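Trainee: I would like to check the wording used for this model. Can we go through it term by term?

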There are 2 protein chains.
Amino acid sequence: MADVPPDLEPVLRRLDADFDDAVARWSEFLRIPSVSTDPSYNDKTREAGQWLVDQLTQLGFRAELRDTTGHPMVVAHHDGPGAEVAAPRLLYYGHYDVQPPDPLDLWDSGPFEPTIVDGPRGRRMVARGAVDDKGQLMTFLEAFRAWQAVHGTLPVKVTAFFEGEEESGSPSLVPFLKQNAAELAADIAVVSDTGSWDVNTPAITTQLRGLLYTELTVQGPSHDLHSGLYGGAAPNPANALARVIGALHDADGRVTVPGFYDDVVDPDPETLEQWNRLEQDESAVLAGIGVDAPGGEAARSLLEKTWSRPTCDVNGLLAGYTGPGAKTVIPAEASAKISFRLVPGQDPDKIVAGLKRFVADTLPAGCRFDLHVHNGSPAIKVPTDSPFLEAARAALADAYGRPAVQIGCGGSIPVVGEFKSILGIDTLLLGFGLDDDRMHSPNEKFELACFDNGMKAHAALLHRVGAMAAARRTAE
Amino acid sequence: MADVPPDLEPVLRRLDADFDDAVARWSEFLRIPSVSTDPSYNDKTREAGQWLVDQLTQLGFRAELRDTTGHPMVVAHHDGPGAEVAAPRLLYYGHYDVQPPDPLDLWDSGPFEPTIVDGPRGRRMVARGAVDDKGQLMTFLEAFRAWQAVHGTLPVKVTAFFEGEEESGSPSLVPFLKQNAAELAADIAVVSDTGSWDVNTPAITTQLRGLLYTELTVQGPSHDLHSGLYGGAAPNPANALARVIGALHDADGRVTVPGFYDDVVDPDPETLEQWNRLEQDESAVLAGIGVDAPGGEAARSLLEKTWSRPTCDVNGLLAGYTGPGAKTVIPAEASAKISFRLVPGQDPDKIVAGLKRFVADTLPAGCRFDLHVHNGSPAIKVPTDSPFLEAARAALADAYGRPAVQIGCGGSIPVVGEFKSILGIDTLLLGFGLDDDRMHSPNEKFELACFDNGMKAHAALLHRVGAMAAARRTAE
């Protein structure tokens, strides 16, 4: 790292020297089973929030746990160079809750007993939340700490805003943002919940898919029937549901909902070309998830399929008898959780309307249906020409010693949309996860090398934005 | 009933006089929760078997409870006119176990608290097992009792053979029949597990559908995936399973498994004509199950659909997340219980082979599958030209005062096939249930009028077969 700026260099050295202690703090955080969807973990979820308040207080923040009707929010402020100094305020967002650990029997070590094991890329941390989002959140917490240790302050103003409901649909997020918009005002948001390109190549995510999550229930007979006495005469809602779902894709893997692709905005040719230059090893990706052929649309790269193409996936199916052995029942109803990943241009409401028409047209006679929308949020495009994005590019180059690539992300981070619509700010998406991190799955992990890169990138971002502001103050 | 034979007439009068006590005994039997699929009811299931042994012993049978590896068998013998007298032996089969009562909250009274309520056809008994099979079994037990009370004996030789595993797949039945074939030797079997045409019209069932019950499991990724990060790239086994099931029927409701209809033997024209003469009120049947249109093949009557046409019904579906709310998962696997009702001519093994080919050809790339066969039994056709069927027709006319119709049954009674293949005997299927008896469902019931008809029909059958044997002895 020959060109590291002089203010930053001792901060990066400090991160190296403090590495084992940082891992120890991260482990302490991971040991708190903050499973937000399960009320029996409510105390632990709160404990994780309080742990963050304590950490931030140690780092010179004015930090508080704020109650909501669900899990509390962590809100903390630091004035960096001083309240009176003209410097941008960065809003760091993260979440301290984690997915449920089930199925427990597929874990090699306890999900809440953080364990460091050796892997092909060196050591890795295995635990629920290792990457999503406790590990990523710790990368900027440790960057704050190193700045504080070396310079006694931060070079920019910072607000930390952490929720405990991300894995359970963030019911309190929008009301809290609306009620506290003035307090949370900032120039840009920073979110680390995405991935780098690979362990050595930094990435900025500039495109996120949206999500429409629905539940389709098909009703047939008024009560469960004996399939011998009624089979062939009674409409079967489980068969009917399967028929509808089976028709949701054509032979080329395209979604058949009317109007589904009408408003899709394709990435510009330069972006597509940059993605192609990444030369993703598709067979390695498929091998990593244990399949010999991809799903989705024919004749599209895997990067296009996950970053810029919309999808339709069944997330759950339930009907009739599901225990061991045989029960000869025609079920009274059958249901499916069906979600759609949306890309820029698509309007969730329009897709819902098309889906309703599609189900009505496809459902066999004798069945009725109900379509419930759990949530819908459009895709996000981050502007690529802002000075903050410029600073982020430079910071990633400082930390990794090589330029960042601009990528898309197949997942949805609804908070990015809420920050835009409620607080009026864009978001820098700097993430350090890898595709094989097993987020939401047993043996979730985060490479220690990625953790190290993340801490250093955040330290560099603070520097780059601070330097940009200082240069502006000098010019004025 | 002007033409009732003199030997039978006092037996029928005795049944009338004893009716309330018969209902009381039946209620006692219904109060024993003999749920064979649930091990926590094992003691109660055995108690129901012992209750039958006690009843049969009182009626002059040599009765025993015989242990198996599962629930015990009841075996009881009565030599009727005497071991040395040439008279046919009738093997009465029934089962003393019942379906689980779930869902409990849909019952209007306790499933094991037999309750008599008024309905449009008079009084009815509501309880789990009211009709299937405790109520039907009691009809011949009470016929034995009335003969015994009036004549001090039975006019024919009788073996009673009751199992306690019918609702859990009868695992001990075939081994027991094979080990005790000599002891169970008889001239004809009698089974009351079917229906009459209506409350006033007796029926003999001469055609039963077979059953092939399979479980199809589709595997995709090696572990559950985040549908944001992998959606569009990963094959989704839940979508794939739905696609296969959706393709199992064509637009006319015909099953698309290769060769499915190749060997189907259609009923002869006279039989079809007789069925058409029954003038079933199809809209009433559909209203009874709460639907406004039938399922199954286009342009077939409901009677054909359920008696002589093969089917494919999904009995259960399970994949991914099925709890409340939303979870964005691409499941690693998805499974369905898929059963086929078979008609005369169809070979279960051949259907399995066709189904395997069909799934392999239909399954989208990237998914694998496993097809497990829970059980398979071909359809049954009972010869309609035997003297026993002649006696049954006469007996039903004695009891109801009008001729019996010959019908089919959509359900499977595997024991009928086992009696034929292991004991070498045909079965008389005289049943007294109605279509709306809610077998296997909450509020299962049996009309008291049907119970009365059943007792009298069995009393008359004993007489008719006895008279046939006596006439033969006289002729010799």
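Mentor: What follows takes each term, its cut-off and its value in turn. The model is predicted, so local features need pLDDT of at least 70, side-chain atom pairs count only at pLDDT 80 or more, and totals for chains, interfaces and linings use all residues. Residues are numbered from 1 along each chain as its sequence is written, while chains are lettered from A and ligands numbered from 1 in the order in which they are written.

Trainee: What makes residues of chain A and chain B part of the contact?

Mentor: Two residues are in contact if their C-beta atoms, placed from the backbone, lie within 7 Å. By that test the contact takes 73 residues from chain A and 71 residues from chain B. S11(A) gives the most on the side of chain A, with 8 residues.

Trainee: How is that side of chain A divided by residue class?

Mentor: Ala, Val, Leu, Ile, Met, Phe, Trp, Tyr, Cys and Pro count as nonpolar; Asp, Glu, Lys and Arg as charged; the others, Gly among them, as polar. The side of chain A that touches chain B then has 29 nonpolar, 33 polar and 11 charged residues.

Trainee: Why are S11(A) and S11(B) called paired strands?

Mentor: A strand is a DSSP run of E, at least two residues; a helix is a run of H or I, at least four; both are numbered from the N terminus. Two strands pair if DSSP finds at least two bridges between them. S11(A) and S11(B), residues 313–320 of chain B, have 5 bridges, so they pair, in the antiparallel sense. A:Ala319 stands opposite B:Leu317.

Trainee: How do you know where the domains of chain A lie?

Mentor: Domain bounds come from an automatic or database domain assignment. It gives domain 1 (9–208 + 379–475) and domain 2 (210–264 + 310–377). Their C-alpha centres lie 37 Å apart. The contact takes 8 residues from domain 1 and 9 residues from domain 2.
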